Amino acid sequence: MDLEKRASADSGPVQPRPPVAPAGTADAGAIRASDADRDRIADILREALAEGRLDPEEHAERIDAVYRAKTVGALEPIVRDLPSARTRPEPTAYDSGPDAPAGPVDNLVAVFSSSTRKGRWRVGARTNAFALFGNVEIDLTEAMFGQRLTVINATSIFGNVEVRVPENISLRGGGTGILGNFEVVTLEGADPQAPVVVINGYSVFGNVEAKPKRGKRVADLHDRLRGHLGH
C-alpha cells in the first residue's frame, strides 16, 4: 500500500477528466438547416441591403450562400457582421397563420440567365424566385394546385421576376421596391375554395410583377383534364 501511495504522490496532482457528452448529443452548428432558418437569414440580409450596409453585389453573393448552406453552422457566419433582423412585425407578409404552407421548397434562380416554369406542372406550397441580372418567369395559368395556399418569395436585383396566374384565383402580396418596381395586382376569387397565391419579396433596381392572365381560368384546365381522362 505504501508503494502505491508513493507512486501516486510522485505522479503529481490528479488531473480532472473532461466531461463526456451524453450519447446522441450533436453540435448545434452541425444541425441541418431548415427552410425557416434560411428565410430568417435572408430577412437579415434584406434589412442590411435596405439600410445600405450591403451593396447589391454583396447581397447577391450572400443570398446565394444562404440557399446553398446545408447546416445552421454554415448560415450564421453569413450574417455575423450584421445586426439581427428587426423584431417588429411585417404587415405586408401574408405567409403566416394556420394555413402557412409546409413541405419542400422549389428554387428558381436566374443569374445572368433566365429561368422559366410554365405549362402543366404541379405547384409546390413554397417557391423562392431569385433574379440577378436575369429573368424568372412563373406561369401558373395551367398549373395543378395541390394545396390551397401557395407562397412565392420573389427577389429581383437588376433583374425581373414575373408571375402570371389564372383570373379566378385569389392573388395577394406585399413587398418593397428599392429604386425598382414591386407590383401585385390583387384578386379575390369568387369561390371561397379557390387557390390563394401570395407574392412576398423585394426588388432592387429591378422588377417584380404579379398579375392575372386574361382568359385563363383554373376551371377551364380542370374541364379539359376531365375530358382527356374520359370522366
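In what order do the strands of the open sheet that contains β2 stand, and is their pairing parallel or antiparallel? The five strands follow the order β2-β5-β8-β12-β10, and the pairing is parallel. The model is a predicted one, in which local features need pLDDT of at least 70 and side-chain atom pairs count only at pLDDT 80 or more, whereas totals for chains, interfaces and linings use all residues. Residues are numbered from 1 along each chain as its sequence is written, and side-chain values use heavy atoms, with hydrogens and water left out.

Helices (H or I, at least four residues) and strands (E, at least two) are DSSP runs, numbered from the N terminus. Two strands are taken as paired if DSSP finds at least two bridges between them. Strands of a sheet pair through backbone hydrogen bonds, either parallel or antiparallel. In the sheet β2-β5-β8-β12-β10, the edges are held by β2 (114–117) and β10 (181–184); each has a single partner strand, so one side of each is left without a neighbour in the sheet. On average, neighbouring strands of this sheet are turned by 10° against each other, direction ignored. Such angles are taken between N-to-C directions and run from 0 to 180 degrees, the axes being lines fitted to C-alpha atoms, for helices over the stretch in contact. Within this sheet, β8 (residues 160–165) and β12 (residues 207–212) run parallel and are joined by six bridges. Val-161 has Val-208 in β12 as its bridge partner.

Another open sheet is formed by five strands in the order β1-β4-β7-β11-β9, again with parallel pairing. Its edge strands are β1 (105–111) and β9 (170–178), each with a single partner strand, so one side of each is left without a neighbour in the sheet. The twist from one strand to the next averages 10°. Nine bridges join β9 to β11 (residues 196–204), and these two strands run parallel. The bridge partner of Ile-178 in β11 is Val-204.

Most residues other than glycine have a negative phi, and most peptide bonds are trans. Phe-158, although not a glycine, has a positive phi of about 55°; this residue is found in the loop between β7 (149–157) and β8. Phe-158 is partly exposed, with a relative accessible area of 34% (buried means under 20% relative accessible area, exposed over 50%, partly exposed in between, with a 1.4 Å probe and protein chains only). Phe-205 likewise has a positive phi of about 55° without being a glycine. Phe-205 lies in the loop between β11 and β12 and is partly exposed at 41% relative accessibility. The loop between β11 and β12 also holds Gly-206, which is buried at 12%. Gly-206 and Gly-134 are 72 residues apart in sequence, and their C-alpha atoms are 9.7 Å apart in space.

Side chains of opposite charge can pair when their charged atoms come close. With a salt bridge defined as a side-chain nitrogen of Lys or Arg within 4 Å of a carboxyl oxygen of Asp or Glu, the count comes to six. One of them joins Glu-162 to Arg-164, with the closest N and O atoms 3.7 Å apart. Another is formed by Arg-164 and Glu-209, at 2.8 Å from N to O. Arg-164 lies in β8 and Glu-209 in β12, so the pair ties together parts that are 45 residues apart in sequence. Through shared partners, Glu-162, Arg-164 and Glu-209 are joined into one network. Glu-162 is partly exposed at 26% relative accessibility; Arg-164 is buried at 16%, and Glu-209 is buried at 16%.

A further salt bridge pairs Asp-81 with Arg-62, the closest N and O atoms being 2.9 Å apart. Asp-81 is in the loop between α4 (72–75) and β1, and Arg-62 is in helix α3 (residues 56–68), 19 residues apart. Asp-81 is exposed at 56%, whereas Arg-62 is buried at 18%.

Helix α3 also gives the most residues, eight, to the lining of the second largest pocket. A pocket is an open set of points on a 1 Å grid over the protein atoms alone where a 1.4 Å probe fits, with protein on both sides within 12 Å along at least five of seven lines; lining residues have an atom within 4 Å of a point. The space in this pocket is about 220 Å³, the volume being that filled by probe spheres set on the points, which are joined across faces, edges and corners. Of its 16 lining residues, Ala-60, Asp-64, Val-111, Phe-130 and Leu-132 lie nearest the centre. At least two lining residues come from each of α3, β1 and β4 (126–132). The lining divides into eleven nonpolar, one polar and four charged residues (Ala, Val, Leu, Ile, Met, Phe, Trp, Tyr, Cys and Pro count as nonpolar, Asp, Glu, Lys and Arg as charged, and the others, Gly among them, as polar).
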